[in-house]
Amino acid sequence: MNTIFTLCFCFITLMGCKTDKPEQNTTKLELNKLSRVTKVTVNNTKGKSQLLVNNQPFYIKGAGLEFGNIPALAKHKGNSFRTWRTENGEQSGKEVLDEAHKYGLMVTMGIEVARERHGFDYNDEAAVKEQKERIRKEVLEFKDHPALLIWAIGNELNLKYTNSKVWDAVNDISKMIHEIDPNHPTTTTLAGFSEEVVKDIKERCADIDILSYQLYGSINKLPQILKHYGLTGRPYMVTEWGATGHWEVPKTSWDIPIEENSTVKAANYLKRYEIAIEPDTTQCLGSYVFLWGQKQERTPTWYGVFLEDGKETESVDVMHYIWNKKWPKNRTPQVESFTINDKTAYESIILEAQQEQVAFIKIQDFENDKINYNWELLLESTDLKDGGDKEERPESININITSNKNGELKFKSPKKGMYRLFAYADDGNNHAATANIPFKVE
């Protein structure tokens, strides 16, 4: 009887349902051992696509997560996360899947596939075969894990590609996966759209079960884009979406992209979800917001919904609202304005060296929590990559502060160069608002 109860409990836990606690002598390790392989299918009934996990409907409420906070994702009621590779350099694939399972989450497991823009030659048959065999071993290792949801074959392989044979390789990998793992569907993720890539996908990637799209500021046009390219009948996921891309925002007069503050970002997250993702109840299987964590990409704050110290930004509040249809009990502070010498970032601020400047950030907090202010000055980043490739964080510069109180910072401008001044306002409850202004010193 105990064994039957334990099996039932594990199955219900996997589905994200609530039930009574198992008997005290049944450990989590025993539950994991008793979990069976998860069967995931894409069902199509009367033109409506639906993801089924063990024959139960599963709509993805997910986040892109490689080194981010898995317990926090579960706490905010997300039900899945995606990775970009099976081994991330800090955790093994098994450790990632085990932790996901511990918190009742499902994983779209990324598979590293070589990119042409990094020098891989898809005319090299031996290299293509070697890659496929390496992937076969990865699939065999993880295919029976109960937290596995979907295999994601490569990431943005269409970015700056010229050789259509990459899609032949993707299709062959998908066929191989289906042969050795009949329990999990496959996908591949696309960075935007073009006539060429859509034609290649349609002609060369017939074995892929789900298409995955990755858009940022332009995601509001996704319904029209799918219609334009004749993709409205195929099941899909949105595997990256979030902040406005650094290539999509206004720039300073010296050609530096201007980052939106955390409150503007959060408002855009909600608007984009409600316009582009939520309304499609016919073919959209769910989405993965980017990024449930923190990374350096143009700045240390641009894409992550967490700060480097682990504090949650307002975009986490928005995802909580999206996944729960209610706001968290304690809200993140909001940015009302941020200026240097009464000018915003959009006014291309140029300063004179070694002169006193005044920065001011105005914050509103829903609960009137006490706000703590911190400031950071960075050199403008020069390690600029494409497609989310690793960038080095720019150097932090000592701020010559003359006064610092209640969101107002008086400081002497540094020597000639290009900089960003970052403001952080936290409420003492692990939440923080942030904004930055690029400026030039002459």
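Before anything else, a term: a residue is called buried under 20% relative accessible area, exposed over 50%, and partly exposed in between, with a 1.4 Å probe and protein chains only. By that rule Lys160 is exposed, because its relative accessible area is 55%.

What you have above is a predicted model, in which local features need pLDDT of at least 70, side-chain atom pairs count only at pLDDT 80 or more, and totals for chains, interfaces and linings use all residues. Residues are numbered from 1 along each chain as its sequence is written, and side-chain values use heavy atoms, with hydrogens and water left out.

Let me stay with Lys160. It is found in the loop between strand 7 (148–155) and helix 6 (165–180). Helices (H or I, at least four residues) and strands (E, at least two) are DSSP runs, numbered from the N terminus. Lys160 has a phi near 60 degrees, a positive value in a residue other than glycine. Asn55 also has a positive phi, near 70 degrees. That residue lies in the loop between strand 2 (48–53) and strand 3 (56–57), and Asn55 is exposed, with a relative accessible area of 63%.

One more backbone item. Phe290 and Leu291 are joined by a cis peptide bond, with omega about 10 degrees. Leu291 sits in the loop between strand 11 (284–289) and helix 10 (314–324).

Now the interior. A nonpolar core here is a set of buried Ala, Val, Leu, Ile, Met, Phe, Trp, Tyr and Cys residues joined through side-chain atoms within 4.5 Å. The largest one has 76 residues, and Tyr213 and Trp167 are among those that touch the most other members. Helix 6 gives the most to this core, with 8 residues. Apart from it lies another core, of 25 residues, including Ile361 and Ala435.

Next, strand 19, residues 417–426. How many of its 10 residues are buried? The count is 9, so the strand is largely enclosed by the rest of the structure. Two strands pair if DSSP finds at least two bridges between them. Strand 15 (residues 372–379) runs antiparallel to strand 19, with 8 bridges joining them, and Leu379 stands opposite Tyr419. Strand 20 (residues 432–441) is also antiparallel to strand 19, through 10 bridges. There, Leu421 has Ile437 as its bridge partner. Strands 19 and 20 form a hairpin with 5 residues between them, and Gly428 in the turn has a positive phi of about 80 degrees.
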